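Good morning. Please have a look at it first.

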Amino acid sequence: MTGTILFDPLLPIWLLLVLLLVSGGMVLLAFRRGLSGWGLRGLAAIVLLAALTSPVLQREDREPLSDIVVLLEDKSASQTLSDRAQQTEDMADALEQRLINRKNTEVRRIPVLDGAENAGTVLMQTLSDVLAEEPAGRIAGVIAVTDGQVHDLDRVPQLPAPFHLLKTGHPEDWDRRLTVRNAPAFAILGEPITLTLRIDDLGASPQALEAPLQISVDGEEPETFNIPIGVDIEVPVTLPHSGRNVLQFVVPKADEELTDRNNAAIVQINGVRDRLRVLLVSGEPHPGGRTWRNLLKSDSSVDLVHFTILRPPSKQDGVPVDELSLIAFPTRELFLEKIDDFDLIIFDRYKRRGILPSIYLDNIVHYVAQGGAVLVAAGPDFATADSLYRSPLAEILPAGPTALVIDQSFVPSISEIGARHPVTAGLPDPNAWGEWLRLVDVVPDAGHTVMTGAGDRPLLVLNRFEEGRVALLASDQAWLWARGYDGGGPQLELLRRLAHWMMGEPDLEEEALWAEVNGQTMRITRRSLSSGVEDVKITTPSGETLTVPLTEGSPGQFEATYVGSELGLYRLENQDKTAVIGLGPASPKEFTNVIATSELLAPVLAQLRGGDLSVAAGVPNIRNIRAGRPAAGNGWIGITPRDAYEISSLSQTAILPGWLVLMVFSALIVGGWLREGRQ
């Protein structure tokens with residue numbers, strides 16, 4: 001039990017001071033006038049003023065509270081290397097036992113785990129959460145058993161007691177690290193980009209001068225190079241294909257190296273074309289020609305070369321030859337010398353007129369076989385003897401005309417396989433499409449008919465010819481949708497998809513396998529024209545193989561979700577399609593630097609003069625120290641006893657009760673009066 005005198009003045013302090021001055025002045029005046037009762041009057045004033053301060057005696061029954069020591073046990077990924085996990089557990093067990101054996105001491109043993117989304121070791125956030133739950137007046141010390149690699153030092157809390165570091169690891173530990181910088185998300189095909197690589201040896205390394213580096217693209221067989229250690233190396237890279245390119249850089253694990261988790265880096269770069277070059281040849285002016293031109297010119301990534309045949313050479317009307325056109329049609333340059341510069345050639349209502357000799361048409365066939373693309377938008381002339389089908393192009397065209405032209409209205413529709421093909425799948429609201437007015441009757445002999453017209457006849461036929469692609473649109477009426485005739489339709493989206501499919505855009509491949517990553521979760525997508533696909537085979541970074549079933553989410557698109565337990569490069573296989581994807585960073589933040597260190601936590605230790613000791617040196621002694629004193633020494637660490645308590649009961653007693661004040665005050669005043677009267 002403890003007693004404390006408290007004051008609860010009945011008047012403001014300033015007023016009490018005024019009364020004190022007035023009373024003192026009156027007593028002084030009585031003294032100077034020689035009144036013998038001045039002393040008793042002064043005592044009466046003191047008693048009255050003391051009563052006005054209302055003093056009370058407060059008695060407390062206190063229950064002592066134990067001190068709390070926070071013991072942080074680092075269980076992050078870097079602590080699994082070598083024997084650190086065992087070191088940490090043994091040291092934490094020993095410290096916990098010593099602290100428990102101390103009088104009036106409790107231990108809060110808290111594990112420190114990896115943070116979410118590659119945040120690394122969140123030791124300070126964990127400590128902040130603990131301190132928020134415990135009263136600061138009871139915290140006697142904080143002890144962290146860790147390798148010192150802490151990644152949230154911007155969250156250091158206000159420490160109420162000394163912080164001590166017990167560092168795991170061994171002096172002979174060393175590690176080799178690979179770093180890749182300057183990796184862009186996109187790169188232009190055919191143009192080299194430069195990546196900066198660096199290999200560093202950390203800790204007690206063997207002082208090697210070079211290290212082998214393996215480089216692979218899309219999981220193919222790697223190439224090995226020897227590069228110097230500790231030097232930035234610039235590596236020029238040219239992407240081999242459009243879409244996602246996965247580059248993997250690996251440094252083989254060296255003898256006695258702590259880990260190879262930071263010896264690999266995965267760089268995923270999307271290859272994009274600089275410009276898509278399109279040659280549009282219109283056989284004659286018609287409303288659909290402007291539709292094609294507007295479509296292609298609206299795409300900023302397309303370079304368009306457009307020629308329209310205004311007058312055929314066979315027309316004899318006396319016009320001078322030098323006035324037949326603004327410029328001569330450069331047939332030799334376009335179709336012989338520069339043809340490989342184009343990604344797509346479009347023949348819009350073109351028919352044979354002697355402008356393009358057979359040798360040029362033969363060259364177009366060769367162009368397609370080598371990976372080019374040709375789109376034929378057929379008009380009525382396609383059904384005549386002057387049709388392009390009656391030329392060497394018949395070898396690549398997926399359908400031939402029957403000489404019948406159907407001049408009647410019809411609403412285009414998507415075929416069964418068209419509902420699965422990326423060019424036509426998911427086109428908006430097919431039930432609200434407007435009518436077309438003409439269709440050239442054709443008979444497909446190759447490829448896929450993705451759209452049909454009048455009488456379920458083929459309207460749009462797509463085909464692959466060797467390395468290239470060919471499309472036949474058996475109508476010249478697509479422009480009606482652009483004009484809004486009968487409500488219009490998705491003409492812009494259809495023709496845009498068609499053009500980009502022909503130019504080999506990866507997003508429009510009808511047979512494709514890819515994956516999208518979100519943290520540890522991989523969303524696998526398989527697009528196919530088949531009604532069913534096999535399970536996808538997954539090869540993990542460690543070489544383990546497993547299969548995951550695919551379910552059809554929409555026509556032609558099958559999906560699966562896989563949660564990977566490893567970080568690194570995964571290989572996906574389904575039938576003849578393969579893909580590689582990096583799950584998580586190949587070198588997580590936790591493995592960026594795995595050498596145990598005190599440097600990062602040195603400012604935290606210095607705040608309250610905490611200790612920096614090695615776990616390998618043994619379990620330190622624990623001493624009591626006063627606040628502000630050095631909290632660590634050779635083989636010992638200190639905690640600050642807090643002497644905290646809680647009050648179980650409380651009582652207050654007035655020191656000057658009213659009746660006593662009245663009696664004493666009255667007695668002193670009367671005594672002074674009698675003394676002066678007797679005098």
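Let us start with Thr 53, which lies in the loop between helix H2 (38-52) and strand S2 (55-64). Helices (H or I, at least four residues) and strands (E, at least two) are DSSP runs, numbered from the N terminus. A word on the source: this is a predicted model, where local features need pLDDT of at least 70, side-chain atom pairs count only at pLDDT 80 or more, and totals for chains, interfaces and linings use all residues. Residues are numbered from 1 along each chain as its sequence is written, and side-chain values use heavy atoms, with hydrogens and water left out.

Back to Thr 53. A polar atom of its side chain lies 2.5 Å from the backbone oxygen of Ala 50. Setting aside neighbours within four places in sequence, Thr 53 is in contact (heavy atoms within 4.5 Å) with Phe 7, Asp 8, Pro 9 and Leu 16.

Now the rings. How many aromatic pairs does the structure hold? There are six. Rings of Phe, Tyr and Trp (its six-membered ring) pair if their centres lie within 6.5 Å; planes under 30 degrees apart count as stacked, over 60 as edge-to-face and the rest as tilted.

One of the pairs is Phe 347 with Tyr 350, which is tilted, at 5.4 Å centre to centre and 50° between the planes. Phe 347 has 0% relative accessibility, so it counts as buried; buried means under 20% relative accessible area, exposed over 50%, partly exposed in between (1.4 Å probe, protein chains only). Tyr 350 also counts as buried, because its relative accessibility is 7%.

Why is the pair of Phe 410 and Trp 436 edge-to-face? Because the planes of these two rings are at 65°, with the centres 6.3 Å apart. The two residues are 26 apart in the chain: Phe 410 is in the loop between strand S19 (399-406) and strand S20 (413-414), and Trp 436 in the loop between S20 and strand S21 (439-444). Both Phe 410 and Trp 436 are buried. Ring pairs also link Phe 410 and Trp 436 with Trp 433 and Trp 481 into a cluster.

Another ring, that of Trp 501, has Arg 469 over its face, at 5.2 Å from the ring centre. The cut-off here is NZ of Lys or CZ of Arg within 6 Å of the ring centre and within 35 degrees of the ring normal.

That is the end of my tour. Thank you.

Note on methods. A polar contact is a pair of N or O atoms within 3.5 Å; within protein, one must be able to donate a hydrogen and the other to accept it, and residues adjacent in sequence count only if both atoms are side-chain atoms.
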